[in-house]
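Let's take a walk through this structure together, stopping at the places where its parts meet. Have the sequence at hand as you read.

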Amino acid sequence: VRHMRNGLLVNDYHRPESFAAAIVRLMNDKALYNRLRLQARMDALSTFSWEASAGHLSRIYTEFIKGG
């Protein structure tokens with residue numbers, strides 16, 4: 001998660017109030033919620049697509065075969 005790109009990072013995550021404040025912020029700011037939601041989906045689709053996963057696995061196998 002990248003803060004303000006595809007989500008909100010809560011530095012004080014061990015405090016329920018901080019976590020709740022981030023949730024309330026998203027509930028109150030629909031534009032921010034939608035922007036983060038759409039970017040998170042785009043990031044997930046590009047990072048975790050079958051093509052991306054296959055490419056990553058192919059690079060691992062290639063390095064293994066080369067002895068690296």
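**A walk through the helices**

Helix α3 covers residues 50-66, and at 1.5 Å a residue its 17 residues should span 24 Å; the C-alpha atoms at its ends are 24 Å apart, so the expectation and the model agree. The expected span here is 1.5 Å times one less than the number of residues in the helix. Helices are DSSP runs of H or I with at least four residues, strands are runs of E with at least two, and both are numbered from the N terminus.

A word on how to read what follows. This is a predicted model, in which local features need pLDDT of at least 70 and side-chain atom pairs count only at pLDDT 80 or more, while totals for chains, interfaces and linings use all residues. Residues are numbered from 1 along each chain as its sequence is written, and side-chain values use heavy atoms, leaving out hydrogens and water.

Let's stay with α3 for a moment. Within α3 you will find Ile65, which is exposed at a relative accessible area of 71% (buried means under 20%, exposed over 50%, and partly exposed in between, with a 1.4 Å probe and protein chains only). If you look from Ile65 across to Leu26, the two are 39 residues apart in sequence, and their C-alpha atoms are 47 Å apart in space.

Now for the charged side chains. Side chains of opposite charge can pair when their charged atoms come close. How many salt bridges does a search of the whole structure find? The search gives 3, where a salt bridge is a side-chain nitrogen of Lys or Arg within 4 Å of a carboxyl oxygen of Asp or Glu. One of them joins Arg5 to Asp43, with the closest N and O atoms 3.0 Å apart. Arg5 belongs to the segment before α1 (16-28) and Asp43 to helix α2 (residues 30-47), so this pair ties together parts that are 38 residues apart in sequence. Arg5 is partly exposed, at 33% relative accessibility, whereas Asp43 is buried, at 14%.

With Asp12, its closest N and O atoms are 3.1 Å apart, and with Glu17 the N to O distance is 3.5 Å. Through these shared partners, Asp12, Arg15 and Glu17 form one network. Each of its members is partly exposed: Asp12 has a relative accessible area of 28%, Arg15 is at 37% and Glu17 at 48%.

Setting aside neighbours within four places in sequence, Ser18 is in contact (heavy atoms within 4.5 Å) with Val10 and Asp12.

In soluble globular proteins, nonpolar side chains tend to be buried together. Here the largest nonpolar core has 5 residues, namely Leu8, Val10, Ala22, Leu32 and Leu36. Such a core is a set of buried Ala, Val, Leu, Ile, Met, Phe, Trp, Tyr and Cys residues joined through side-chain atoms within 4.5 Å. Not counting residues up to four places away in sequence, Leu36 touches Met4, Arg5, Asn6, Gly7, Leu8 and Leu26.

Met4 deserves a stop of its own. Most residues other than glycine have a negative phi. Met4 is not a glycine, yet its phi is positive, near 65 degrees. This residue lies in the segment before α1 and is partly exposed, at 28% relative accessibility.

Our last stop is helix α2, where Leu45 is found. Leu45 is partly exposed, at 48% relative accessibility. From Leu45 to Lys30 there are 15 residues in sequence and 22 Å in space, C-alpha to C-alpha. Lys30 itself lies over the face of Tyr33, at 6.0 Å from the ring centre; a charge sits over a ring if NZ of Lys or CZ of Arg is within 6 Å of the ring centre and within 35 degrees of the ring normal.
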